[in-house]
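Subject: Structure handover

Dear colleague,

I am passing on the structure below, followed by an account of what was found in it. Please read the notes alongside the coordinates.

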Amino acid sequence: MQKKYTQEKMGITCVENYLIWFLMNQGFEVDKLYCDSYISIEDVLKDFSTGELGYENYQGIPRIQDIGSDLRCLEMEFCNNIGLETIFEHVNQDESCCLLAGMNPDFAKDKFNANLWRDDHFIYIYEVGENQIHYLNDTPAVDVCSDINEVKDYLNGTCILFKVIREIDENIFNKKMNILEKGINKYDSTTFDISGMKDIRSIRDAIGILRVSRKRLKCLFSNGSAKYYIKESEIFYKAINEVIFHLDGFYLFLEYCNLKHRIDFKKANVYMSLIKDSDMKWRNAIADYYVEGF
Amino acid sequence: MDIVSKIKDVIKESGCYLSNIKDEDRINEDLGFDSLGLVGLIVNIENVFDIEIDEFDLNPADLVTFGDMCRLVKKYVEGENQVGGMYA
């Protein structure tokens, strides 16, 4: 494997995290797949305010695999009743293929003492030998080499196969970027009051989604080969780093409050205010960039 | 048992497989705790030391390595905690 599997997660689900990692190792310009990842603070908070949505099921930002398929550069196939032999064939015969194997719910708990967000858990199997299997697990993020027998009983027979068909078509990508630019420029000065949200987990999940969104956008606009590369814009980088910094801090704060079953909304609103201000700064920087250039 | 050894014990009990934890080991990449795992770990540490960390001290930029974690806990155990920084 060329790159270490880190926990700088740009995905919302484990499937997205594996796919992003796989694409990066294939030399694919994965940053461009973040072109549909903008969502306003107002929209995310409103979506989560009902208390019915969960982070892991949120659809306000399309999944990377769906964007890849939509841009016609990625092929995705779901398989059922797949056996170890078939997994063996796919993994060892086609390096341009990414195989995610579905695992029984007990797997993460038994192997890593981990509690997962959802029941459907996948591992990324990248090498299978006669007795050994090499795989990545997303939570916790580990690169494992183990005896096949220690894994095979947990396989639930499902798998997802990804294959890169081609690089992203520049025309389609540019259209997507035009839409993104208009979305970002849209006036968004949220007055949404999180104090009205009684479920701490809903606020945490909303902030978690915003955090992924802004990290992806930073990568997208930092992609040196893209037409939309924001070159040497101190204003943009300072502002987007600032919003990511505050989102990271607020996310931890909210999980801490969640575990303690209490929240100080005065403190929470300090974070929200900083997030709103810095979010507006980077969006203004983008707007200025396309109007005047830096 | 000293503070660092106790923290190492909590980390191991929380599912970390690293046998020899060093100051420079990164909580995320090396010890395997993502953001939510890190908070769970902090709450476990609080329980062991009978301390309560101020929420504003949970700044991911200041909690990168095992050494950072030890410094934060020592600040509270040794009674030098002060709420500060930009959020105070």
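Which residue of chain B forms a salt bridge with A:Lys267, and how far apart are the closest N and O atoms? The partner is B:Glu55, and the closest N and O atoms of this pair are 3.1 Å apart. Please bear in mind throughout that this is a predicted model, for which the predictor gives the complex an ipTM of 0.84 and a pTM of 0.87.

**The interface**

The salt bridge between A:Lys267 and B:Glu55 belongs to a count of five between chain B and chain A. On the side of chain B that touches chain A, helix α2 (residues 35-49) of chain B gives the most, with eight residues. By class, that side of chain B is made up of 14 nonpolar, five polar and nine charged residues. In terms of contacts, 28 residues of chain B meet 29 residues of chain A, and the area buried between the two chains is about 2,500 Å², with carbon and sulfur atoms giving 61% of that area. The rule for polar contacts finds eight residue pairs across the interface, both residues being at pLDDT 80 or more.

**Within chain A**

A search of the whole structure finds 23 salt bridges over all chains, and one of them joins A:Glu16 to A:Arg216, with the closest N and O atoms 3.0 Å apart. This pair links distant parts of the chain, since A:Glu16 lies in helix α1 (residues 14-25) of chain A and A:Arg216 in helix α8 (residues 200-222) of chain A, 200 residues apart.

Helix α9 (residues 234-260) of chain A has 27 residues, which at 1.5 Å a residue should span 39 Å, and because its end C-alpha atoms are 39 Å apart, the model agrees with that expectation. Just after α9(A), A:His261 takes a positive phi of about 60°.

**Confidence**

Chain A has a mean pLDDT of 86, with 89% of its residues reaching 70 or more; among its elements, helix α4 (residues 84-93) of chain A has the lowest mean, 79, whereas α8(A) has the highest, 94. For chain B the mean pLDDT is 85, and 89% of its residues reach 70 or more. Confidence in chain B is lowest in helix α1 (residues 3-13) of chain B, at a mean of 91, and highest in helix α3 (residues 66-77) of chain B, at 94.

With best regards

Notes:
Residues numbered from 1 in each chain as written. Chains lettered and ligands numbered in written order. Predicted model: local features only at pLDDT ≥ 70, side-chain atom pairs only at ≥ 80, totals over all residues. Heavy atoms only, no water. Contact = heavy atoms within 4.5 Å. Buried area = accessible area lost by both parts, 1.4 Å probe. Salt bridge = Lys/Arg side-chain N within 4 Å of Asp/Glu carboxyl O. Polar contact = N/O pair within 3.5 Å; in protein donor to acceptor, adjacent residues only side chain to side chain. Helix = DSSP H or I, 4+ residues; strand = E, 2+ residues; numbered from the N terminus. Nonpolar A, V, L, I, M, F, W, Y, C, P; charged D, E, K, R; others polar. pLDDT = per-residue confidence, 0-100. Expected span 1.5 Å × (residues − 1).
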